[in-house]
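Trainee: Could we go through this one together, a residue at a time?

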Amino acid sequence: MAILEVEHICKSFNRTEVLKDISFSLEKGQAVSIIGSSGSGKTTLLRCLNFLEKPDKGVIRVNGETLFDASDLSTQKESAIRKKRLHFGLVFQSFNLFPQYTALENIMLAKELLAKEEPDYKSRKKEIQEEIRTQAEGLLNKMGLSNRKDNYPHQLSGGQCQRVAIARALALKPDILCFDEPTSALDPELTGEVLKVIRGLAEQKTTMIIVTHEMAFARDVADQVIFMDDGYILEHGDPMQVFENPKEERTRQFLSRYTQG
């Protein structure tokens, strides 16, 4: 059974249609790369999946559970939104780290806030905080940043900040990890260190949706590739098919910009 099912998602801002009848599914352990020109709807799709935007139409299911159904108001209650977001982890283009917290504290923060809502938090506070700290330190070590845990974001390079952001997203153990152009804010020499981390997650069969302009990376790391154009999914298939033998002329035009020279 698919871990993620997206059915007929539509989204407009004012009278501008940004997503037009988007449907796809994703199996557990798979990575899908989403490519396309700026303005094609890629980021809006991620924001709808993470409930930062509310689709106008459509259905989103994770592990068979309907998280959102535009025709069912009971799935749209604000009180349930935060819980639904826990199924997804989102890594933003510009890191979005809290500048007043260290790298370690940025990773621990969301888990600590959730823990405070547990009925036994007060009686187990010290134990729970130690568990959260140990997990966060393990994630920093996984990102190659164990020696940077006490540094603040302004003391880190862009690549290091993005690796902290990835660790923060992983801390809540989401079903699906989403990346929105994770290297677009980085200098070229820092891009490789972030792509290496994402490639490692793919090798560990982390379920991921990756919006990226890095075409070689999108082809090499993904099990599926989606090409979006003007709010539609114009092409969807395995990397070899989409990159080597695209069905649509528009896909060929888009990819030709990356293969010339």
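Mentor: Gladly! Contact here means heavy atoms within 4.5 Å. This is a predicted model, where local features need pLDDT of at least 70, side-chain atom pairs count only at pLDDT 80 or more, and totals for chains, interfaces and linings use all residues. Residues are numbered from 1 along each chain as its sequence is written, and side-chain values use heavy atoms, with hydrogens and water left out.

Trainee: Which residues is glycine 58 in contact with, leaving aside its neighbours within four places in sequence?

Mentor: Start with its place: glycine 58 is in strand S4 (residues 57-62). Strands (E, at least two residues) and helices (H or I, at least four) are DSSP runs, numbered from the N terminus. With those neighbours set aside, the contacts of glycine 58 are Glu7, His8, Ile9, Phe68, Asp69 and Ala70.

Trainee: Is phenylalanine 51 buried or exposed?

Mentor: Phenylalanine 51 sits in the loop between helix H1 (42-49) and S4, and its phi is near 60°, positive although the residue is not glycine. Buried means under 20% relative accessible area, exposed over 50%, and partly exposed in between (1.4 Å probe, protein chains only). Phenylalanine 51 has a relative accessible area of 7%, so it is buried.

Trainee: And what is the relative accessible area of asparagine 14?

Mentor: Asparagine 14 lies in the loop between strand S1 (4-13) and strand S2 (16-26). Its phi is positive, about 55°, although it is not a glycine. Asparagine 14 is exposed, with a relative accessible area of 80%.
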